[in-house]
Amino acid sequence: MRKLKTGFVLLCALLLFCLIFMGRGEVNGNLRVETPSRFHVFGCDTLGRDLFQRVCFATVVSICISGIVSTLSVLLASMLALLSFRNKTIQAVLLSLVSAFKSIPTVLIGLLFASFFGGSAISVTTALIISCTFSSLRVLETKVKEIEGEDYITALEALGLKKGRIVFFHILPSLFPIMREEWATVMMTSILSESALSFLGIGIDRSIPTLGALLSEARSIFFTKPHLLMFPSLFLVIIGVLVILIKAGLSELDSTSH
């Protein structure tokens with residue numbers, strides 16, 4: 001429980017900190033790739049914009065997108081998994097979809113959406129939701145199948161309880177622990193996927209700072225100006241560590257509840 005509280009508190013504190021200091025930075029040709037100083041603690045980028053403000057902006061974008069993606073994808077996956085209860089047709093369809101999307105990398109799905117809808121936050125978020133939904137669905141549907149075979153489910157059906165009542169009052173509560181863990185897993189996956197898409201230039205429009213975009217801008221001058229790559233990477237690692245801490249706390253919470 002301590003890990004869970006610590007992770008959430010620190011993640012919220014990081015988000016609040018970045019919201020206060022975030023900005024896109026003003027272009028200043030005289031400050032191009034300036035090294036860190038007391039006026040610009042993270043230095044300036046290739047256009048002379050304050051890197052600290054841009055890293056804070058990118059961190060907010062990454063946390064918000066990953067939060068939306070993890071929440072919506074787990075909810076959608078849970079709904080689809082519950083629909084598969086005692087329905088062989090839906091189970092077969094979902095199995096085919098899961099197998100199909102499992103073989104398609106998230107980067108390719110992002111590239112497809114970027115080609116049709118452009119590199120907007122909505123298209124990238126939608127691509128990540130689709131990819132992560134079917135990833136979580138595989139885990140949640142497996143759990144539903146396990147619950148189907150439980151004796152108490154058979155007994156409830158024998159007593160004449162309707163399918164909807166069994167699903168919402170008996171199966172859904174059993175899915176909550178896995179849903180929580182999947183939420184943390186998907187959040188970490190979506191942060192890395194969004195950063196990878198932006199790094200490859202097929203993510204969110206470059207007018208919006210993202211951690212992946214900042215890393216992509218710095219890769220060509222990494223050896224001469226390492227601070228441009230170091231600070232975005234540091235914040236990406238911090239987010240990852242906090243999400244891992246939250247997931248570890250959720251795992252402990254589930255183990256103690258059994």
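What follows sets computed values against the definitions behind them.

The model is predicted, so local features are reported at pLDDT of at least 70 and side-chain atom pairs at pLDDT 80 or more, whereas totals for chains, interfaces and linings use all residues. Residues are numbered from 1 along each chain as its sequence is written, and side-chain values use heavy atoms, with hydrogens and water left out.

Q: Why is Cys-44 said to be in no disulfide?
A: A disulfide is a pair of cysteine sulfur atoms within 2.5 Å, and by this rule the count comes to zero disulfides. For Cys-44, the nearest cysteine sulfur belongs to Cys-56 and is 14 Å away. Cys-64 is likewise in no disulfide, its nearest cysteine sulfur, that of Cys-18, being 10 Å away.

Q: What makes Cys-44 count as buried and Cys-64 as partly exposed?
A: Buried means under 20% relative accessible area, exposed means over 50%, and partly exposed lies in between, with a 1.4 Å probe and protein chains only. Cys-44 has 0% relative accessibility and therefore counts as buried, while Cys-64, at 37%, counts as partly exposed.

Q: Why is the pair of Phe-17 and Phe-21 called tilted?
A: Rings of Phe, Tyr and Trp (its six-membered ring) pair if their centres lie within 6.5 Å; planes under 30 degrees apart count as stacked, over 60 as edge-to-face and the rest as tilted. By this rule the count comes to seven aromatic pairs. Phe-17 and Phe-21 lie 4.9 Å centre to centre with 50° between the planes, so the angle falls under the tilted label. Both residues lie in helix 1, four residues apart, about one turn of the helix.

Q: What makes the pair of Phe-42 and Phe-235 edge-to-face?
A: The centres of Phe-42 and Phe-235 are 6.0 Å apart and their planes form an angle of 75°, which means that the pair meets the edge-to-face rule. This pair links distant parts of the chain, with Phe-42 in the loop between helix 1 and helix 2 and Phe-235 in helix 9, 193 residues apart. Phe-42 is buried, with a relative accessible area of 11%, and Phe-235 is buried at 8%.

Q: How do you know that the charged end of Arg-165 sits over the ring of Phe-169?
A: A charge sits over a ring if NZ of Lys or CZ of Arg is within 6 Å of the ring centre and within 35 degrees of the ring normal. The charged end of Arg-165 is 5.0 Å from the ring centre of Phe-169, and Arg-219 lies over the face of Phe-199 at 4.8 Å from the ring centre.

Terms used. Helix = DSSP H or I, 4+ residues; strand = E, 2+ residues; numbered from the N terminus.
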